[in-house]
Amino acid sequence: MSSWPALGGPSTKLRFSTDLFVDAPAKPGRDGVTMDLLSTLPASNETLEPGAVLLRCFARNDAALIADIGRIAAAAPFRHMITPGGFAMSVAMTNCGQFGWITDRKGYRYSAVDPDSGKPWPAMPDAFRDLAARAADTAGFAGFAPDSCLINRYVAGARMSLHQDKDEADFAVPIVSVSLGLPATFLWGGAKRNDKPRRFRLETGDVVVWGGPARLNFHGVDPVTAGDEACRYNLTFRKAA
Ligand code: MD3
Ligand code: FE
């Protein structure tokens, strides 16, 4: 989390259940003491620029969200998709909802079926949909109804280079992103690729709503550093169609 209350007492090492889904044996989740600490942290809202709102600690049920990711990945496994240029992405991806974002040699697009299985993507859990809608509402975008949730998995070293999200039908609809597990440094650029990006840290439970004029800004993620959890997940909620 972004800020810890200045409390004395026994140290409470965070251990997240992200470990469960990266080829690791089961480990215990957070203990009750840590849970209590987290639930006392204040949420905060920060407008990065008009339309882009950072909601720190907005997702308080990160362990439950990560358990949902495990169920989705059992039906539609994480995979390293291939860019149109022929490179495997360092970020592993899967999707849930009516449409999933994919890339291969033919290009970037949304697909109603998982190309690896030919089957529809797993349904979007109600908890995902509700979280995304509440976050958008809090940021001033009422009625957000995502039809797509891309799930990105970053192990240590994985990164995402500066890009725009331009594969959706209507850029007036915001995007909601939820960070889970390991922290990451987010790159927040401008309307042009050459605009110098600002960097800020995203931690587990942080939610960002990207709408308004900021919707087409360039953005990316610096290489993730190894830490107390196995990986970082990012849920990206979009209205694709
Ligand atoms: C800013 N993912 O999957 S989510 C992506 O942390 C992507 O995995 C990053 O960028 C991640 O496309 C960042 C945050 C995000 C998503 C869409 C945006 C930021 C955005 C669209 C416009 C501006
Ligand atoms: Fe993006």
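1. Five of its five residues are buried, so E3 is largely enclosed by the rest of the structure. Buried means that 20 or more other C-beta atoms, placed from the backbone, lie within 10 Å of the residue's own; 12 or fewer makes it exposed, and in between is partly exposed. Both faces of E3 are covered, with Ala92, Thr94 and Cys96 on one side and Met93 and Asn95 on the other.

2. A word on the source: this is a predicted model, where local features need pLDDT of at least 70 and side-chain atom pairs count only at pLDDT 80 or more, while totals for chains, interfaces and linings use all residues. Residues are numbered from 1 along each chain as its sequence is written, and chains are lettered from A and ligands numbered from 1 in the order in which they are written.

3. Who pairs with E3? Strand E6 (residues 148-154) does, antiparallel, over five bridges; DSSP must find at least two bridges for strands to count as paired. Across from Thr94 you'll find Ile151 of E6.

4. Now have a look at helix H3, residues 126-138. Phe128, Leu131, Ala132, Ala135 and Ala136 are its buried residues.

Terms used: Helix = DSSP H or I, 4+ residues; strand = E, 2+ residues; numbered from the N terminus. Expected span 1.5 Å × (residues − 1).
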